[in-house]
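Open the model in a viewer with the chains coloured separately.

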Amino acid sequence: MKTLDRKLLRDLWKMKGQALAIALVIASGVATYVLLISTMNSLTQTRERFYQEYAFADVFGSLKRAPEGLRTRISEIPGVAQVETRVSAEVKLQVTGFPEPVTARIVSVPDFGSPLLNRPYLRRGRMVAPWRDDEAVVSEAFAEAHRLGPGDAIGAVINGRWKKLRIVGIALSPEFVLQVRPGALSPDYKRYAILWMGRHGLGVANNMDGAFNDLSLTLTAGAHPDDVITRLDAILAKYGGLGAYARKDQMSHRFLTEEFRQLQRSADIFPAIFIGVAAFLLNVVVTRTISTQRDQIAVIKAFGYHNWDIGLHYMKLVALIVILGIAAGLGIGAWLGRGLGNIYMEFYRFPYLNYEVQPSVAAKSAAINLLAALSGALLAVRRAVNLPPAEAMRPEPPAEFKKTFMERLVPQRILSQPTRIIMRNIERRPVKALLSVIGISMACAIMVAGRFSKDAVDYMVEIQFRQTQREDMTVTFVEPTSRKAVYEMKRVPGVEHAEVFRSVPVVMRFGHRSYRTSIRGVEPGAGLHLLLNEQLRVITPPRGGILLTDYFRTILGVHPGDLLTVEALEGNRPVLQVPVAGMINQFIGLMGYMDLDALNRLMKEGSAISGVYIAVDSLRRPEIYRRLVEMPRVAGTLVREDEIRNFYETQAEALLFFTMVATVLAATIAFGVVYNSARIALSERGRELASLRVLGYTRGEISYIFMGELGFLTLAAIPVGFLVGKGISVYIAKALESDLYRVPVMIDSWTYSFAAAVVALSACISGLIVRHRLDHLDLVAVLKTRE
Amino acid sequence: MGREAGGALNTKKVFQAQGLTKVYTMGAVQVHALRGVDLDLYEGELVVLLGPSGSGKSTLLNILGGLDTATAGEVTYRDHNLTSAADNELTEYRRQHVGFVFQFYNLIPSLTARENVAVVTEIASTPMKPEDALAIVGLGDRLDHFPAQLSGGEQQRVAIARAIAKNPMVLLCDEPTGALDSATGVVVLEALERVNRELGTTTVIITHNADIAGMADRVIHLSNGLISDIRANETKKAPHELHW
């Protein structure tokens, strides 16, 4: 080993505290990047493999009913490779020992052979036997939630008839990686299931023998899904087609894609913050190291070492710290990634997760960090290299100070001498102080942005579930029904109040843009299910217009006063022009709202309703649940409280994980910045402080001078961090905005307090560590040493 | 002028300086450190540069050693023109030809005595072994001590070992005894005298201590940036005969 390299190692050992703090910041950045990207890549790859091996379709469609013969016509559409027709039904389930309403989507599988497309992955048991109408394969998440296995039985109300189904297998499907009931926010494994039954048995039970109401198809290479969908919709229109859609709009796929997008966005922001902070810290520390080694550099140069020898020497020092950080970061990132992968596997039901840290991810992260850190240190090293040896030999000239701006503002007698020292120090190097403030503020920002999603979710739940949806349950009917059905509902003991609604599947068109959704008709004066306008005030749909979710502005470019084209996908499928009367605030999904009578009139169908909102006596819930299951016309029941509780339960683990990671990361940054600033201040000002001690200042007094500056910078950084954190939150929220959901930027005051507390505490701890050194200043030695 | 080891005069010039001027700008003030110095130094001689602080001794030494460049005037080392040399040429010059000793030793605290010498021998073309260099200054038994474990005199002797280990043609010493008590200073001077005598290295010692002048072949007085006097010693004193 070269002698200079030996010096390097010993220097590194001497500054191990600072090096470690920087390495930790770098490790945090690398770990965050690796965590997010590797999890995303692993999930994407797993998804692609699952899709491919189990033949996930490219286009999906559902309709009211069509004869099986139509299949040939569909397969003749140019660009269609394979077509599979199915029977699919929404049913109510009865699970022994679980009195709450459970719904399920049953899809048919061929009686012979395996499905062409969207093949279930059989985890346990077997597929249903041919021609059996009493066997079912159950989705794994639901089976786990109720501890069901092959051999167990469940009750199902299929097309109004109660039937006992024997579970023969447990399966997963590329179609239902995320099992979210349509319209729900998060998966509810206890109350929503996917079932597979034989085509014949399910067809007969649903009057679909020789017919189908659901299909999926794959495309030939190069075929454009939109062309195929247009032709398919034209064919299916006659058969009550509900609008075909491409894979990108398939619910499970959509949710996964959105989640990946979120991971990618986070991976864009957070690692960059760490890299920035690390580069800044390295610059500061290397600058200081070089300034303490001025004379060493001079002597090395005097003996004939070249500039680039010196440059390389300090760059090696930086590289060592960075590599240490990168290695630790890769390890921690892979470890956390595995943990996050397992959390995701709770949501996303893949048969397996191929978790791996791709070498390219590791290499990219390492390269970016190394480059950023080296360039951060480069300036400092360049200065050292260019210092003429004779000048380097002389001690650094004393720093220039002047009276500060603050001192001119505040009367002299208010400021003690130590306070003036603090202020002069800050004002002497405003850039450094500013960078320190920015660095510490980043810690605060990470805390705020890391916890923002939790606050946003709280706010969404508050608005959506407590202020808007005040009904206890939403009951939907199998088919549009006469309004009289509401009286049947009101007669159920325990039902205190009921309000009707009509829901019509539609395609909305404005200009060249279109969107498939539904319009809900509500009664004027409704008290259970309220609509809020953009100012969060209650609003009722006027008779002559439609209210739209505010995000339609973005999706369709439509504004109040515009004329919207609405194509109903039900009944006589009328095409209507409806004026947009206003916009409403809604975070989840996109819908239109109209006056119930006005909607019925447009649909030319008398007083039809699709369901009822009810308020119930909570003590009589079990009885109500039982009665609802028994009612043939009831297709399903959504219980608001269950939705909220379930939402929090499923999100809790992931939220906790992210909050924990964000807290640790923020603490790392705060600690890294404050500790390094303190150590450098100590090395720069040890002499000065020791001199003050010699003059009779107490430890407390010099600690004040010393820590006061850091305390001031930390306090200044916290509000800056709040702002930056909010900015990051806005960016993330904007980036994630989609028709599925919009995340409101609502940050709780508790989040701000918590962020400030974490930063202040980290600063205090690092301050105390350095204070310990301050207390043990060897006065005589410090005064003797030549600067 | 100057003498061979045997005492005969040696007239081979090592350094030739004409009209050397150096002006520093320190903040708003201009400091004239050298105001036109003419000087020749000869092979193998031991020269003491005397003068009060601020007289320009260190500046002159730094320019001779290629650590600094003159504002005006010319200086040559043998056939190298140091005035017009580029930075990397000066580096090469220092690397091959010059050994430095400083008042505050300037050892690298994180390296042992042996390693401090090795830092130089590793890049020199014809170095001696670090152990041998340390033996010359009488520190053969302190090889693995860190600077903090050595006394001031010992540290300075390590610095001398470091300076001579490359077998330099010239040895430039800036106040080598300035931070030492007189007894320790004598030991250090003995080491320098021995190197000059045995290796024939042209040696320049800066001091403001007139007593040290006794061991020189020639004594050059500087004051206020100019050479005020050059005097050759008829008889050189051995370092142990010096007192201050």
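With which side chain does the side chain of His529(A) make a polar contact? The partner is the side chain of Glu471(A), at 3.1 Å. A polar contact is a pair of N or O atoms within 3.5 Å; within protein, one must be able to donate a hydrogen and the other to accept it, and residues adjacent in sequence count only if both atoms are side-chain atoms.

The model is predicted: local features need pLDDT of at least 70, side-chain atom pairs count only at pLDDT 80 or more, and totals for chains, interfaces and linings use all residues. Residues are numbered from 1 along each chain as its sequence is written, chains are lettered from A and ligands numbered from 1 in the order in which they are written, and side-chain values use heavy atoms, with hydrogens and water left out.

Stay on His529(A), in the loop between β14 (513-522) and β15 (546-549) of chain A. Helices (H or I, at least four residues) and strands (E, at least two) are DSSP runs, numbered from the N terminus. His529(A) has a relative accessible area of 8%, so it is buried (under 20%; exposed is over 50%, partly exposed in between; 1.4 Å probe, protein chains only). Beyond four places in sequence, the residues in contact with His529(A) include Glu499(A), Tyr593(A) and Tyr613(A) (contact: heavy atoms within 4.5 Å).

Rings of Phe, Tyr and Trp (its six-membered ring) pair if their centres lie within 6.5 Å; planes under 30 degrees apart count as stacked, over 60 as edge-to-face and the rest as tilted. The count is 19 pairs over all chains. Phe56(A) and Phe60(A) have ring centres 5.4 Å apart and planes at 45°, so they are a tilted pair; both residues are buried. For Phe303(A) and Phe100(B) the centres are 6.4 Å apart and the planes at 70°, so this pair is edge-to-face. Phe303(A) is in the loop between α8 (294-302) and α9 (307-347) of chain A and Phe100(B) in strand β6 (residues 98-101) of chain B, so the pair joins two chains.

Now show both sides of that interface. Here 30 residues of chain B are in contact with 25 of chain A. The rule finds three salt bridges across the interface of chain B and chain A (a side-chain nitrogen of Lys or Arg within 4 Å of a carboxyl oxygen of Asp or Glu). Select Glu115(B) and Arg10(A): they form a salt bridge, with the closest N and O atoms 2.5 Å apart.
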